[in-house]
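Hi,

Here is the structure I promised to pass on.

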Amino acid sequence: VYSDARKFVVDRQAGSYAAAYGDSIVHGGGSVSYSPVDWDYDFETYLAFANVNLGRSGDTTEDMVNRFEADVLPFSPRFLLILGGTNSLRGGTPARQVIAELEQVRDKCLANNIRPIFLTLPSINPAAIAEVFNEPTVADWREQFAAVNEFIRRQPYYIDLEPYFIDEQGIIRYEYALDGLHPGLKGKKLMADIINQNWDRVTQ
């Protein structure tokens, strides 16, 4: 059932209107069984500014490049939170290709007067992923994730999520992602809290 159509006004002052773009971590849902239909498991729910969720579960960075015009441009966001690469890297796509595709997303933003704000990739736990999803992770995933996050930390506007999620071994803490991949409720609230704390810095 759809609601009746109504007019609305979007406030596009600095810091007031953003979109989030990426894979299932952006799209929503929690560890193991919570689907994106439950907004409690969207980190966007807890952001302190107006935003629209443009994530899509399963996306690779190649997918993000290919759907940009169709899915991002119609919303004309002032800022775009970009979190992508996890699916590509754990599936064996080399970091250099992921970086090249993130650069394409960045350049599309700049060409359309959108400020790209990158989020570093939270780590993963391959053992938990194998147990829950029966999917392998490439052996050099640590090096590949590190290379992409190093690229992100060189961008003019980025927010560093990764250090808050890892344990002493550099994998995502079990308390944040039971399946080793998707942050649950606690993880999504932490993501939003980190973004909120840094929002003024990246939007001024």
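Helix 8 covers residues 185-203, and its 19 residues should span 27 Å at 1.5 Å a residue (the expected span is 1.5 Å times one less than the number of residues). Its end C-alpha atoms are 26 Å apart, which agrees. There is still a kink of about 40° in helix 8, centred on Gln197 (the bend is the angle between axes fitted to the seven residues ending there and the seven starting there).

Before going on: this is a predicted model, with local features needing pLDDT of at least 70 and side-chain atom pairs pLDDT 80 or more, while totals for chains, interfaces and linings use all residues. Residues are numbered from 1 along each chain as its sequence is written, and side-chain values use heavy atoms, without hydrogens and water. Helices (H or I, at least four residues) and strands (E, at least two) are DSSP runs, numbered from the N terminus.

What does helix 8 pack against? Its buried residues (under 20% relative accessible area, 1.4 Å probe, protein chains only) include Leu190, Ile194 and Trp199. They pack against strand 1, helix 1, strand 3, strand 4 and strand 5 (contact means heavy atoms within 4.5 Å).

Now the sheet: five strands form an open one, in the order 2-1-3-4-5, with parallel pairing (a pair needs at least two DSSP bridges). Strands 2 and 5 stand at the edges with a single partner strand each, so one side of each lacks a neighbour in the sheet. Ala18 has Asn51 in strand 2 as its bridge partner, and Leu81 stands opposite Ile117 in strand 4. Four of the five residues of strand 4 are buried.

Cheers

Terms used
Buried means under 20% relative accessible area, exposed over 50%, partly exposed in between (1.4 Å probe, protein chains only).
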